[in-house]
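Q: I am new to this structure. Can you show me how to read its helices?

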Amino acid sequence: MGAMFRSEEMSMVQLLIQPEAAYQSVAELGELGIAQFRDLNADINMFQRKYTSEIRRCEEMERKIGYIRREIIKDSVAIPDMPEEIPRTPNSREIIDLEAQLEKTENEIVELSENNNALLQNFMELTELKNVLEKTQVFFSDKSNVQNLEATGGEAANDGKPLGFVAGVISRERVIGFERMLWRVSRGNIFLRQTNLEEALVDPKTGDTIHKIVFVAFFQGEQLKSRVKKVCAGYHASLYPCPNEYNEREEMLRGVRTRIEDLKMVLGQTQDQRQRVLLNVAKEVSNWEIIAKKVKAIYHTLNMFNVDVSKKCLFGEAWVPTDSLQDVKTALVNGSAAVGSAVPSFLNIIATDEVPPTYNRTNKFTRGFQNLIESYGIASYREANPALYTIITFPFLFAIMFGDLGHGMILLLLGLWMVLWEKTLDKNKEEIWQLFFGGRYIILLMGIFSMYTGFVYNDLFSKPMNIFGSSWSINYNTSTIMENKELQLNPSEDYSETVYWYGLDPLWMLATNKIIFLNSFKMKLSIIFGVVHMIFGVCMSLVNHNHFKKRVNILLEFIPQMLFLVLLFAYMCFMMFFKWIMYTAVTDEDHLKPGCAPSVLIMFINMMLFKSQEPLDTCKEFMFEGQDTLQVIFIVLGLICIPWLLLAKPLYIMFKRKGQSAEHGSEVAHQSSSNHHDDEPMSEIFIHQAIHTIEYILSTISHTASYLRLWALSLAHAQLSEVLYNMVFQIGLSNDSYVGAILIWLVFWPWSVLTIGILVGMEGLSAFLHTLRLHWVEFMSKFYEGLGYAFKPFSFKALLEEEEAE
């Protein structure tokens, strides 16, 4: 957890690498994933850089691998999942071997595909010819062809000349237009016979199923024959030879059937050979894809390096975590040793004025909480990281609004399911699921904390639990209890003066004034936790001031901010605790009895307006002696904090600049400003400080009121749960007979669906969003700038994860 307190310290390093060792050295750094390289050739076109040709080779490898993968998928061959162990980066010689292997594999698959397509084309043509010979037999045996031709308006054959004809197949979609065109070009002197093919054919080029029709067009004369052939060519109809004589057609049909059987055997052998090749390739294609991506990423990174004048050395610059400098040196040594370079590589730490990137080391548990913070903004370099405290505060504030032992248990089970089976569930790469799955530990903790607060609220699906025995007792007789719908319990007589061991006494859940009591309790609780949360946020600004050596801001900003918050709002919380402790029904002093307990809200308003209120008889206006004087002091000190916060810092900067100008000319001290440039005019500094002061003073009030959402959502959640129980589940409990057991079973299912869908799903999402707002606005605004940029190292693991997510 220490690494999460603030971002890692970063160093700008210069790498001096020999060209022959550059590839292997960068590969070693890519495996470690600890260096973010700077592009030293930003002004040079990508096509003019040193390693452009190598990148093109990698793209050609990716093209070949993509073609191989498409062919594998086309033949429905199973591709193994990406291996858990990422294959190592190949050396230059292995890349050449891989290129040769991909070239050979691609050529083999292309050759097999072309042969297979040619055979399929041949098979389809023979199949069409077979169908033409079979289907046209009926047409030639029909003696009414001439009469049909005459019926269409054409002229029958005369002088004993036979009719000419062409036979073929055409796609079913083109038949209507084809028939009309034949009628037009022949003026009705063509007789067309057609019949459907029962079996669908497969297009060898696209693999799509197509339906065709066999046709025979009868005509007279060579002129019509040429017209028919042109129309057939225009409509992509396939024409096939068809003898006039029956015996010739039969002999030709037998020959076609024999060729089809031979072709089926050849097609089967070709397909088997293709399957064997694709099965062997499928085992390696995932590794090839990873290797190609890694090699391409290495050369892209090398294109960021500069070449010295002698062209004997490459030098690059990168941001590296200071704790990982030794790992970078080791990677450079290993890279040089891998290629047997006699000249070692060097690493130099260089000074720079650039703001380093922000890098927070996380694991699978802390990653989700860090994502919540970074959704608001990346932390400025080395400022305090709120994610460390969010691990506790986020699920706790959520649980205050979602407090129910039963609902918390559902969230806990959901979180446990995702945590225990995370390896299996992580294989689902859908974006929405990954977003939900990434917060599995947040859901787990929200469930645990919701069970805790549900135990405090004594709420289990809106029903109380009497585990430790109520501290209240009923001293009425049986007849009084049975005859009266409502009875009042006197705290001085019916209360045992022993506090319920844990949480709320279950008797309160049966009281008619339950909502009034819970309103008061939860409202005060939300204000107390809100003020503590804001005070903690202001204290975190103290940590930042101290770390960035801006200790003058402690006096000029932190102290007035803290005084204003504590003297007013922390004092209000103190009054709540004091009221709970001092006022009781079991006392002999009249002014300390519950009837004399003043309203904290009214007292706080009177304090701010310097007003007083006449107390009741035997009561006192204030809770303790000297409270009125103390409140005046607090108000005066709080008012003093406003000009202190408004003017102290700008005046300090102004006097500091004058002193520095007298001593060092125009030089300005580095610590004269925390958020502004040293050359910023004083007028703008005064304006910015005024805006900051107004924002803090007003936000302190509004943020305190904003924490009342804890009370509002908690009360709404409890009441909605109770309404759902009374209106749905209570139906099954209203019948004492055997029918009641059946009703309980029937109403349980709609009640459970509504509970999970509305109370856990919708109410949980609402509480989550409100908790997120309390952290982003009310808590983090007190100290968090969020003006940094993320550390994005050159990492093979991150690269492959991004590719897999896409």
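This is a predicted model: local features need pLDDT of at least 70, side-chain atom pairs count only at pLDDT 80 or more; totals for chains, interfaces and linings use all residues.

Q: What span should the 12 residues of helix α5 have, and how far apart are its end C-alpha atoms?
A: At 1.5 Å a residue, helix α5 (residues 175–186) should span 16 Å. The end C-alpha atoms of α5 are 17 Å apart, which agrees with that expectation.

Q: Which residues of α5 are buried?
A: The buried ones are V175, F178, L182 and S186. They lie on the same side of α5, because the arc they cover around the axis is only 60°.

Q: Which exposed residues does the face of α5 turned away from its buried side carry?
A: That face carries I176, R180, W183 and R184.

Q: What do the buried residues of α5 pack against?
A: They pack against the strands β3 (164–171), β4 (191–196) and β7 (212–219), and against helix α6 (222–234). Just after α5 comes R187, with a positive phi of about 55°.

Q: How is a pair of packed helices described?
A: Two values are used: the angle between the helix axes and the distance between those axes. Here, helix α9 (residues 367–374) packs with helix α14 (residues 440–457) at an angle of about 100°, and their axes are 7 Å apart. Therefore α9 and α14 are roughly perpendicular to each other.

Q: Which residues make the contact of α9 with α14?
A: From α9 they are G368, F369 and L372, and from α14 they are Y441, I442 and L445. Of the residues in this contact, five are nonpolar, one is polar and none is charged.

Definitions and conventions. Residues are numbered from 1 along each chain as its sequence is written. Side-chain values use heavy atoms; hydrogens and water are left out. Helices (H or I, at least four residues) and strands (E, at least two) are DSSP runs, numbered from the N terminus. The expected span of a helix is 1.5 Å times one less than its number of residues. Buried means under 20% relative accessible area, exposed over 50%, partly exposed in between (1.4 Å probe, protein chains only). The arc is that of the directions from the helix axis to the C-beta atoms. Contact means heavy atoms within 4.5 Å. Axes are lines fitted to C-alpha atoms, for helices over the stretch in contact, and angles run from 0 to 180 degrees between N-to-C directions. Angles under 35 degrees count as roughly parallel, over 145 as roughly antiparallel, 65 to 115 as roughly perpendicular and the rest as oblique. Ala, Val, Leu, Ile, Met, Phe, Trp, Tyr, Cys and Pro count as nonpolar, Asp, Glu, Lys and Arg as charged, and the others, Gly among them, as polar.
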